[in-house]
Amino acid sequence: MFGFVKNKWIYFLVGALLAVMVLIPFDWFMGKYNTLLIFIGLNTMVTVGLCLLMGYTGQVSLGQAAYYGIGAYISAILSKTYGVNPWLAMLIAAIVTGAFAYGIGYLIFRLKGNYLAMATLGLGLIIWILFRQLSEITGGPDGMGGIPYLSIGGFGFYTTFKRYYLVWFFCLALLLISQNIVRSRTGRALRAIHGSEDAAESIGINVAQFKVKIFALSAVFASIAGSLFVHHLRFVSPQPFGFLASVKLVVMAVIGGLASIWGAIFGAATTNILSDELLLGFGELDTIVYGLILMLVMIFMPQGLFVKLKEIIVQWRSKTTQKV
Amino acid sequence: MRKWVSLLVVLIMLSTTVSLAACSNTSETEESTYKVGAILSVTGAYSNLGVPEKQTLEMLTEEINAEGGINGRQLEMIIYDNESNAEKAATLATRLIERDEVLAILGPTTTGDSMAIIDTVTSGEIPLISMAAGISIITPIEERYWVFKTPQTEKEAVSEIYLYMQENGIKDIAIITDTSGFGAGGRAYLLSEKDSYGINILDDQTFSSGDTSMQSQLTHIKGTDAEAVIVWATDKESSIVASDMKALEMTIPLFASHGIANMAFINNAGEAANGVIFPAGKLLIADQVPATDQQQKILVDYKNDFESKYGTGTISTFGGHAYDALGMLTIALEKMDGDMTLVDARAKLRDEIEKINNFVGTGGVFTMSPQDHLGMLPGSLAMFEIVDGEWTLAP
Amino acid sequence: MSVDQFLQYLISGITQGSIYALVALGFTIIYAVTRVINFAQGEFVMLGGMLSFLLISSFGIPLIPSLILAVLFTAIIGAIIYLLAIRTAKKASVVSLIIITIGVSIFIRGFTREFLGVDSVRPPFFTGDESLTIFGALIRPQALWIIGTTIVVTIILHLFLSRTMMGNALKASAISTRAAAMVGIDSRVMALTAFVIAAVIGSIGGAVMAPLVLTSYNVGVMLGLKGFVSASIGGFKSPIISVIGGITIGVIESLAVGINWGPFTSSYKDAIAIVALLIILLIRSGRLALEERAD
Amino acid sequence: MSEYILQTKGLSKIFGGLVALDKIDMEIEKGRISAIIGPNGAGKTTLFNLIAGVYSATSGEILFQGMRVNSMPAHRRASIGVARTFQHALLFGNMTVLENVMTGQHPRSQYGFLEAAFRLPKSYREERKISLEAIKYLNLVGLGMDKDKEALSLPLGRQKLLAIARALATEPKLLLLDEPGAGLTTLEKRALSDLIRRIIDMGITVLLVEHDMPLVMGLAEKIIVLDSGQKIAEGDANQIQKDERVIAVYLGEEVEG
């Protein structure tokens, strides 16, 4: 993945970064943040799928949380109600979600712009309503608990400490995969579609099919995150998969910079840390402050906080190198 | 170039998190206090339940500390708002267990949120006293070693209504329920218990929370031979059902859940509130409870204290659940002695909660046991009827 | 379903639909002029209701002045939103603008909760609450007020857009900002006007519906969503189509309850309305594609 | 196989009752430069769009190398060898110059999501080939030095060259150029003519729509004149310049314009 990088010390940097990530869950370091970091990891996975779809391909989805939910529910139902091996359940969930999104995408990706936004929003709502109403299999609005943990052989992911590694293993894998896709023939085709659909079509890119495929891929990412979500909490309810959740995912993607794979971590982390840590200090005023921050970031950095930070660093670097 | 800048930014972000961690680690535990955490739906869909709970906890903490605390130690209450969101409840529970190092957790407000943190508190080995109704919160008991709850379950409320109907010769009914957690929980019991009381449900309608009219559902009910309607929802939607029934000139009696046990229902439904019959704790009619009732004193005291602080007519049974939860916790805390490690203290506290015997609360009288983590004695609910905008015991 | 019952479903549906329509109108006018989907539209409705309750019940101000004050205040909020949030975000993409308006709505909601509390409240009925009988169906007087308001607002808006200079300028700006600028129409003034009109319509709607449907700090979320769906059916194109969209959704929901068979039950009424929206969108996408090519 | 690379037979396109093209018959010979001219609204771009597959024909047929391609979607036509440019360059603004041309190699490479996601050997192999090819085309149009610039940072003239390089990267048999000369300086136009001749030398057939008469007359071996959706003349530069109907049409336009 780092074939393009010329600076030698980038390896050192990445090594240090990985070392930090490996050490984080230990009690003497940041063990107290494991739950928060697990959710950041899960959100990152969904967000990066959204970045591929929105930032690279230019297609809006305001219902992404629904696919997160489909993965979660399929995993939960198969592994709890039918006693299917959780890993197999996770695989089935990913395949079913992907296939479902592929079929749906075939229909709705004929729409463009705001109409597509409405359609994805509407579909998300319908799926969410189904989570609540099919209570015989989903447990209804109160959800279902007692979902088994994931385990490999005799090694079970029983503690947050272990699940941190599990989630971030998947998260980094999905980030790498996304990074690879973006820098490939496929990635160029996606960006071409974002740039101009007519031009993309004129050089042999099957625009309709690529849109549907990337939508399915983003749904698979969301589904994997959803499966990990239920095997982490051991509980699933419709709440985290509604319209507001979808909006929150879009916020994460935008804050991270839509066309930025690694920005997804940043977007998810900023949003989670903001709502689960920093805003707690504001007590009752937290929603007011949250709304305000959301507005300010979008007004003054519409390309995203992450991209803005990058720009600042690049500027700063070019200044310092000029001096030398 | 672009890539390594990305990485650099990730690194900066991480170091920010680390420094953030370092900052919040400085919140020192004062040795002389008992720290207790609470996770409540102060905002979001269930804020009208969560807010009186929060107010009650704040009021009681103030009172306890003004009287010198527990065992000479001050009570420190850390209340977090999970915004009626299960995922956030789980994060906050971990935070309370690992960072704030509280002795016990009160809440969450709803069954769904409570279910979402059961695993966290069980593996974190910390006692939880939930304020939500669902029976699944405390069953199966083998898996709920650390979990208790204070509100009566929906099953009891449903039984109370069906019993009343049986006595009054009502057999054929229609139900209309909210599709959210509260209504769906009630609906499940309305359907499962009906046969034991010989009740026929002729029509089973639902609505979404946030709906602004239930006229269509009621029109459908009106077309059946139902002798009564049961609505299962919180106060806002229930009051819309009541006034829509009046608008459609439906004269059959309306039964409601304990979710309407606050003044907001009467204010919002107006005239249509009259004649509505519902089960609830005796808190609502604290003044009418006979002095012979062992609950009488605490009901009156709590109601007076609460209303003098937050205004007349603000009392609700949801605040009562918080009162009972903190009340039992206080009793357990009083049994604590000497210095213990946090882990031991939590374990001891759990044992003490399980030993609670004959605790007189607002919702009823509680006797916990290893087999029963609700421990509410039967007869804790009464049937109420609203007459001239006032709660009265139903005849 | 008997005829009487059918009429009752229809009337309930129309009442409900009028409520959606009043919300949808605000979405439409802002979208038409600025291409912004204003997710804070529901908050205008909430403010109209909450403020009128506050003024009538807490300050004891009579109905009419209370309504005027509530609408005026919301209009100012609408103007502030445009000037501070939308106009400042110059280069923002569609998605960013959506998020900005969501931020605005979260902010307004939080603010209202902080100052007016979480309880649901009901302002007094305009003209009592004794149901009237129309062709065997019952209707509440406040429902008549809502339907009437929807009709009047739609007519006034229509006349305003077609008969006045300002209205024509708005329409021109809606068709092409650049072309409008060439004939001396300042698109920013037009956008400001659109936000104010949307706030006014939203708050009038909110104030008129509150006695019937109650109001609280968070009613804007659900109403906003329903209004959005209604406006989508009309493609955010014209006020009248949006009103028709709203009433369609209301009637579909109501009749779904009445049919009470298969998926057509009250449990799925929201989903049915959305499915209807999706079908309409897909049908229209075919037609839109044709129109685009003819250009 | 026919000696014509492209033929249309009775090709018509009607937009909602409005006849944009009326029964056009034309033949484009392989390996030569042909041009379509005509006043505004004559239907030139519509004809282009029909050939490229953006629109589907109302009636008539389009034969590419003798094969009927009427119902073939645009991206399929690109992969069988029909490439085009647009009036406005329509570059991919979110990419560099090189990436734009690499994207043009899309139909000549195969690896997909899976190979990309896991960086399988096939992706390496193809990626190397793609970038080598892309650089070759960039050098051909004279943009080799600019390969790492943002595509939209180029001046207009160079953007148009880039669009041609991108189209060439699809390795077409027939290249459709939509007003390649518009907005270029005289100097740039001369370079463009040279480029088009070099493209012909590569064995690619070129069909262009152009307003600039001197450019067309100097380049095209065959000129087709459209007016109001109908073909009114066809022939080499000399024949066209003498054709009375063509003169009438153009005079009319000049008087009006």
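Helices and strands are taken here as DSSP runs, with helices of at least four residues and strands of at least two, numbered from the N terminus. The structure described below is a predicted model. In chain B, B:P140 is found in the loop between β4 (128-130) and β5 (147-149). B:P108 belongs to the loop between β3 (104-106) and α4 (111-124) of chain B.

The arrangement of the chains is considered next. Five pairs of chains touch, and the most contacts among them are between chains A and B. Chain B and chain D, by contrast, do not touch, and their nearest C-alpha atoms are 12 Å apart.

Within chain B, strand β8 (residues 228-232) is mostly covered, since five of its five residues are buried. In a regular strand the side chains alternate between the two faces of the sheet. Both faces of β8(B) are covered: B:A228, B:I230 and B:W232 are buried on one side, and B:V229 and B:V231 are buried on the other. Strands of a sheet pair through backbone hydrogen bonds, either parallel or antiparallel. Strand β6 (residues 172-178) of chain B runs parallel to β8(B) and is joined to it by five bridges. One of the residues in this pairing is B:I173, whose bridge partner in β8(B) is B:A228. Strand β9 (residues 254-256) of chain B also runs parallel to β8(B), and three bridges join the two. Here B:I230 stands opposite B:F255 in β9(B).

Chain D contains an open sheet of six strands in the order β6-β7-β8-β3-β9-β10, with mixed pairing. The edge strands are β6 and β10 (230-235) of chain D, each of which pairs on one side only. From one strand to the next, the twist averages 20 degrees. Strand β3 (residues 33-37) and strand β9 (residues 222-227) of chain D pair in the parallel sense over four bridges. In this pairing, D:I37 has D:V225 of β9(D) as its bridge partner. Helix α1 (residues 44-52) of chain D packs on the sheet and touches β3, β6, β7 (174-178), β8 (205-209) and β9 of chain D. The direction of α1 makes about 150 degrees with that of β7(D). Helix α6(D) packs on the sheet as well, touching β6 and β7 of chain D, and its direction makes about 160 degrees with that of β7(D).

Helix α6 (residues 156-168) of chain D also meets helix α5 (residues 121-141) of chain D. Two packed helices are described by the angle between their axes and the distance between the axes. The axes of α5(D) and α6(D) come within 9 Å and cross at roughly 140 degrees. The two helices are therefore oblique to each other, and their crossing is right-handed. On the α5(D) side, the contact is made by D:Y137, D:L138, D:L140 and D:V141, which meet D:L161, D:L162, D:A165 and D:L168 in α6(D). The residues of this contact divide into eight nonpolar, no polar and no charged.

In chain A, the axes of helix α4 (residues 86-108) and helix α10 (residues 207-233) come within 8 Å and cross at roughly 150 degrees. Angles over 145 degrees count as roughly antiparallel, and α4(A) and α10(A) are therefore roughly antiparallel to each other. The crossing of α4(A) with α10(A) is right-handed. Residues of α4(A) in the contact include A:P86, A:M90, A:A93 and A:Y106, while those of α10(A) include A:Q209, A:K213, A:F215 and A:H231. The residues of this contact divide into 15 nonpolar, seven polar and one charged.

Two loop residues of chain D have a positive phi without being glycine. For D:L90, in the loop between β6 (82-84) and α3 (97-104) of chain D, phi is near 50 degrees. D:L90 is partly exposed, with a relative accessible area of 30%. D:R119 has a positive phi of about 50 degrees and lies in the loop between α4 (113-117) and α5 of chain D. D:R119 is likewise partly exposed, with a relative accessible area of 23%.

Conventions: Residues are numbered from 1 along each chain as its sequence is written. Chains are lettered from A and ligands numbered from 1 in the order in which they are written. This is a predicted model: local features need pLDDT of at least 70, side-chain atom pairs count only at pLDDT 80 or more; totals for chains, interfaces and linings use all residues. Side-chain values use heavy atoms; hydrogens and water are left out. Axes are lines fitted to C-alpha atoms, for helices over the stretch in contact, and angles run from 0 to 180 degrees between N-to-C directions. Angles under 35 degrees count as roughly parallel, over 145 as roughly antiparallel, 65 to 115 as roughly perpendicular and the rest as oblique. A crossing is left-handed if the near helix is turned anticlockwise from the far one by less than a right angle, and right-handed if clockwise. Contact means heavy atoms within 4.5 Å. Ala, Val, Leu, Ile, Met, Phe, Trp, Tyr, Cys and Pro count as nonpolar, Asp, Glu, Lys and Arg as charged, and the others, Gly among them, as polar. Buried means under 20% relative accessible area, exposed over 50%, partly exposed in between (1.4 Å probe, protein chains only). Two strands pair if DSSP finds at least two bridges between them.
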